[in-house]
Amino acid sequence: MFSHDFVNALSSSLAPDQPIVTIKDDEFRRLDFVKNLTQALLNNDASHGLVIGFDAPWGYGKTSLKNMVVEQLKDDADSNVTVVEFDPWMYSDTGDVVSALFRTIAQSLSGFGTGITALGVRHVLSVVSDFFAGLFGAITPPDATVAATSKVLSQGFKSLSKILEPNSGKIDKLRSVREKLRKDLLKEKRRIIVFIDDIDRLADDEISALFRAVKSVGDFPNVIYVLLYDHHKVAEALERDARSGGHEFLEKIVQVPILVPEPSGVVVRTKLKDDLISIRNNRSSDNTLSPRDEHIFSNCISPFITTPRRTNLLLNKVKLSYSTLGDDIELFDLAGISCIEAFCPKLYQWISRHRHEICGGIPRGNASSDSLTSSSSSERITQLIQESDKNLTEECADWKHVVETLFPLVSWATAKQFAFLGKNETDQSYRSIYKDLYVDLYFNFNLPENVIPESLYSSFFLKKNINELDITPDSDYAKAAFSGAIQDYIERYVFKNKAIDTKQIIELFKFYCEVPFSMQCRSSEASLPLMPTYPMETLLRVSFNKKSGLDTVSILDALVLLDSPGAFLALIWLTVGMKLCLMRKQTNDFRKNIFLSEMSSYGQDNINNFIDHNLSALGDEAIKERLPHIIDRLKELALKMQKKSKLPANIWHIELLQAAAMLRWLFEDDADDLISSLRALEPYIDQEMYSVTIAAALTKREDKQYIVNRKILERLVTPETYRKAILGIIKRDAQNIPEPEGQHVAYEALLKKEANEASDTVHTAVSVDEVLNLLEDWRRGKFASDSKG
């Protein structure tokens, strides 16, 4: 959730649907057009009068453009030019629109009024109409050099206004007053430019009356009317009122129709994108867009943003929604669905109704797999698309493209490919609309109970002293710190958000090397005891990556000094990485290549990336200098861990297997160091899994046989202990033997072989076929009870 200050800041920044007042506020690059138009108004031949039309639909910025032209006229015009602004909507429903027009011109010429606008006033009391007329018209302040002779013109327009007042009874004087005013205008040579805005908001009869007045009554020399309207709306109103061709009638009155230039789509959309990024920047300094953000903007937002008014409407909608749950949703996903809601309501209702059918998790790295959606699910999505195509196409021709962008699973179901996803955008730190866990957030803005609030992750990572947080096994912070998404969050906060510095990384290392091993933590996604070592591996990756901008040497030195259970595991990873880094040019080293292949089979196929993109940043000289000391430190920690009793929780079996295999490669030429370091792993897991995992780590497959390092293995685990452990696992579930199966059971196959031979021969190898036969027997429920010893 956001703080009150942030919510208030967002709310106060809502964009009002008001025109801009000055040129400096223009964000759509219209200054050149304004200057050219201003010069045309000042220099064209207006000796016979002129009617100009500013034509544009609502929301295109007609009033903003008018305000800029008026401001430019103040700078460019001389004292013989009077600018009048008249808003007929202020007088709508009074029957006084035409009279008010000429009264406003009179007041501008006489110097009354200070440009004050009385918005919302609909009726002008006739008793005080003269006195207050200057207040109710948006009048340009008079030029200081208004000559006394202008009062003659002011009086003429005032007289004309009185004649045209409802029920004045003076209509017979119209011709004479008008003729006198025409002569005065020719004599004075004063240019009067009258802007009449919001004409298309008037009632039909008022629109018709105003246009007739401009053409018949107000058709004076040196008077230029600039009418602002939507051509289609005015033409329809004229046609309804006059029962004649509205378009033809309009063409007779407006001599110079000017289509208000549509703000450049590129400019409008660029401004919108910048404004959206600025919303996020209230919470983060990150101003980059991911590929998915860019695709959402291009496919789900840009096609619908055609006017500045639509830009403001969408921005306000997004700001209000983001202030509710911004931490827990992705901004551009929110902007995309908000845009659809605002401008494609049918499509929005369709998405809302079927959201749980079209959303679904995408594997990290944007992998493709036929197992991602069941055939029935794919068929259902395809059916939905086909059933809705005709109805939704009427509202949005490219609606399928829009849906595929927000919900990539739709493109997978229909075309077997993921659309518009970057390789890192499927990680668990992204709370995108297409994910089952988060989709409801975008429609009801309530955080589900099973979703960890983003604020918990933020507090955890940004806390300068993590020890101050309440991190107990059942605390909310523990849920965040040990969640399955934590490694993705570490990478996001370091690389994308740039929110974690070197000191905080060191504090995180200390935390993950100590706290998880001192209490039994539970995964937020499983009910099994879990001691997550993967955050430490992730911290190693990000800490030694050049792109992190962190002080890698300081982190390395701090890590070596740690004296905790997790530090031993972290140093195993680090030592192996540093040794491999120095060997990276030895491409033909047999033992190294076998080891890398083995690690890949254990799920550590990214170890080369760790070397190339992380540790290599330290430089070979720094690695050579520190590696011997780190190996010695690793041996010291191994001796300390041998003295520890069982830790409160197990690490995963595969993590133990990886660590054991790494230690075997590190110390394969020194049996005592290898045995010491492997014994140090015993506190991290239960005795049963320790026995079978060490046996697997000391077993290699070469060609068609498994080779067991019995010399080392039997100094760590007795045959009886191993056999009891493996049979215990098999009898519980013979179908789920830990991978790789052959390495875990090869020692038992070898022991059985020796028992069957009834000799003193000690074997170190057993064939693959013998191992497979043993597995088959077990799966059929046949368990041998005899073995040597």
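Hi everyone, and thanks for coming. Before we look around, please keep in mind that this is a predicted model. I'll go through a few places, and you can follow along in the viewer.

Let's begin with strand S1, which covers residues 50-55. How many of its six residues are buried? Six of the six are, so the strand is mostly covered, taking buried to mean under 20% relative accessible area.

Now, which strands does S1 pair with? One of them is S4, residues 223-229, which runs parallel to S1 and is joined to it by six bridges. If you want a place to look, find Asp-55, which stands opposite Tyr-229 in S4. Another is S5, residues 256-259, also parallel to S1 and joined to it by four bridges. There, Ile-52 stands opposite Val-256 in S5.

Next, salt bridges. How many does a search of the whole structure find? The count is 37. I'll show you three of them.

Here is Arg-240 with Asp-204: their side chains meet in a salt bridge at 2.7 Å, N to O. Arg-240 lies in helix H9, residues 231-242, and Asp-204 lies in helix H8, residues 204-217, so this pair ties together parts that are 36 residues apart in sequence. Asp-204 has 24% relative accessibility, which makes it partly exposed.

The side chains of Lys-479 and Asp-476 meet at 3.7 Å, N to O. Both residues belong to helix H21, residues 476-481, and they are three residues apart, about one turn of the helix. Is Lys-479 buried or partly exposed? Lys-479 is partly exposed, with a relative accessible area of 42%. Asp-476 is partly exposed too, at 44%.

Lys-640 is partly exposed at 38% relative accessibility, and Asp-563 is partly exposed with a relative accessible area of 46%.

Salt bridges can also share partners, and here they join Asp-328, Arg-431 and Glu-454 into one network. Let's stay with Glu-454 for a moment. You'll find Glu-454 in helix H20, and it is buried, with a relative accessible area of 10%. Which residues does Glu-454 touch, not counting those up to four places away in sequence? They are Asp-327, Asp-328, Arg-431, Tyr-489 and Tyr-493.

On to the rings: the structure holds 20 aromatic pairs. Phe-157 and Phe-220 form one that is edge-to-face, with 5.7 Å centre to centre and 85 degrees between the planes. This pair links distant parts of the chain, with Phe-157 in helix H6 (residues 150-163), Phe-220 in the loop between H8 and S4, and 63 residues separating them. Both are buried: Phe-157 has a relative accessible area of 0%, and Phe-220 has 1%.

Now for Tyr-457 and Tyr-489. Why is this pair called stacked? The ring centres are 3.8 Å apart and the planes are at 10 degrees, and planes under 30 degrees apart count as stacked. Tyr-457 sits in helix H20, residues 454-462, and Tyr-489 in helix H22, residues 486-496, so the pair links parts of the chain 32 residues apart. Tyr-457 and Tyr-489 are both buried.

Ring pairs also link these two into a cluster, whose members include Phe-460, Phe-461, Phe-482 and Tyr-493. So Tyr-489 and Tyr-493 belong to the ring cluster and also touch Glu-454.

Finally, two charges sitting over rings. The charged end of Arg-201 sits over the ring of Trp-89, 5.3 Å from its centre. Lys-233 lies over the face of Trp-58, at 4.5 Å from the ring centre.

Definitions and conventions:
Residues are numbered from 1 along each chain as its sequence is written. This is a predicted model: local features need pLDDT of at least 70, side-chain atom pairs count only at pLDDT 80 or more; totals for chains, interfaces and linings use all residues. Side-chain values use heavy atoms; hydrogens and water are left out. Buried means under 20% relative accessible area, exposed over 50%, partly exposed in between (1.4 Å probe, protein chains only). Helices (H or I, at least four residues) and strands (E, at least two) are DSSP runs, numbered from the N terminus. Two strands pair if DSSP finds at least two bridges between them. A salt bridge is a side-chain nitrogen of Lys or Arg within 4 Å of a carboxyl oxygen of Asp or Glu. Rings of Phe, Tyr and Trp (its six-membered ring) pair if their centres lie within 6.5 Å; planes under 30 degrees apart count as stacked, over 60 as edge-to-face and the rest as tilted. A charge sits over a ring if NZ of Lys or CZ of Arg is within 6 Å of the ring centre and within 35 degrees of the ring normal. Contact means heavy atoms within 4.5 Å.
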